[in-house]
Amino acid sequence: MPSPRAANQTGVALTVRDTALGELRLAATDRALVYCGFQSAAEVARKLARAGLCEAPADTWTPRQTALLDTAEDQLAAYLAGRRRDFALPLDLTLATPFCAETVRALDALVPYGRTATYGQLAHALDRPGAARAVGTALGANPLCVVLPCHRVVPSTGRTGGYAGGETLKRHLLDLERGA
């Protein structure tokens, strides 16, 4: 079993930020943010290991801070305080399937800050008009929650819909962006 120090020598750093939304985990390579979300450290470590970004099992992973993670944390804090509307971070979608990556890359352009779109509208904008459920599945697997704003996509019923961090968290983000 590798030591925590050896685990961190893979070039992936992991940190946890306590926010009003709960514990937000961030992971980055030396070049880009690869994960921003609410899953447990163990699940994040498993995803990183499956993608070949680390070898460490969850019980040997130790948090490590880098300049990129500092920048990401600063931008997330400003966003959550209502002082920032977008993110200027290098992103890596290695943890996403090709369809998930295509879907989440389109979010900022298709669903601007403070607005929402339905899963069907997003599917149509992606030239996949019958793929609303597939879009929902792709958004549910978004490895860069908040930064790539999947919370802005809602069901056509007018309800909040699902979110990796939970429905209450999604409502909080939508209210934040609406200035509520």
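Arg-128 is partly exposed, with a relative accessible area of 37% (buried means under 20%, exposed over 50% and partly exposed in between, using a 1.4 Å probe and protein chains only). This is a predicted model, so local features need pLDDT of at least 70 and side-chain atom pairs count only at pLDDT 80 or more, while totals for chains, interfaces and linings use all residues. Residues are numbered from 1 along each chain as its sequence is written, and side-chain values use heavy atoms, with hydrogens and water left out.

The side chain of Arg-128 meets that of Glu-102 in a salt bridge at 3.2 Å, N to O (a side-chain nitrogen of Lys or Arg within 4 Å of a carboxyl oxygen of Asp or Glu). Arg-128 sits in the loop between helix H6 (119–125) and helix H7 (132–140), and Glu-102 in helix H4 (residues 98–105), so the pair ties together parts that are 26 residues apart in sequence. Helices (H or I, at least four residues) and strands (E, at least two) are DSSP runs, numbered from the N terminus. Glu-102 is partly exposed too, with a relative accessible area of 29%.

## Other salt bridges

Search the whole structure and you get 8 salt bridges. One of them joins Arg-17 and Glu-73 at 4.0 Å, N to O. Arg-17 belongs to strand S1 (residues 13–19) and Glu-73 to helix H3 (residues 67–80), so this pair ties together parts 56 residues apart in sequence. Arg-17 counts as partly exposed at 24% relative accessibility, whereas Glu-73 counts as buried at 14%.

Then there's Asp-108 with Arg-152, whose closest N and O atoms are 3.5 Å apart. Asp-108 is in helix H5 (residues 107–110) and Arg-152 in the loop between H7 and strand S5 (153–154), so here the linked parts are 44 residues apart in sequence. Asp-108 is partly exposed, at 39% relative accessible area, but Arg-152 is buried, at 3%.

## Thr-103 in helix H4

Back in helix H4, we find Thr-103. Thr-103 is buried, with a relative accessible area of 0%. Its side chain reaches the backbone oxygen of Phe-99 at 2.8 Å.

Setting aside neighbours within four places in sequence, Thr-103 is in contact (heavy atoms within 4.5 Å) with Leu-122, Leu-126, Val-135, Ala-138 and Leu-139.

Key. A polar contact is a pair of N or O atoms within 3.5 Å; within protein, one must be able to donate a hydrogen and the other to accept it, and residues adjacent in sequence count only if both atoms are side-chain atoms.
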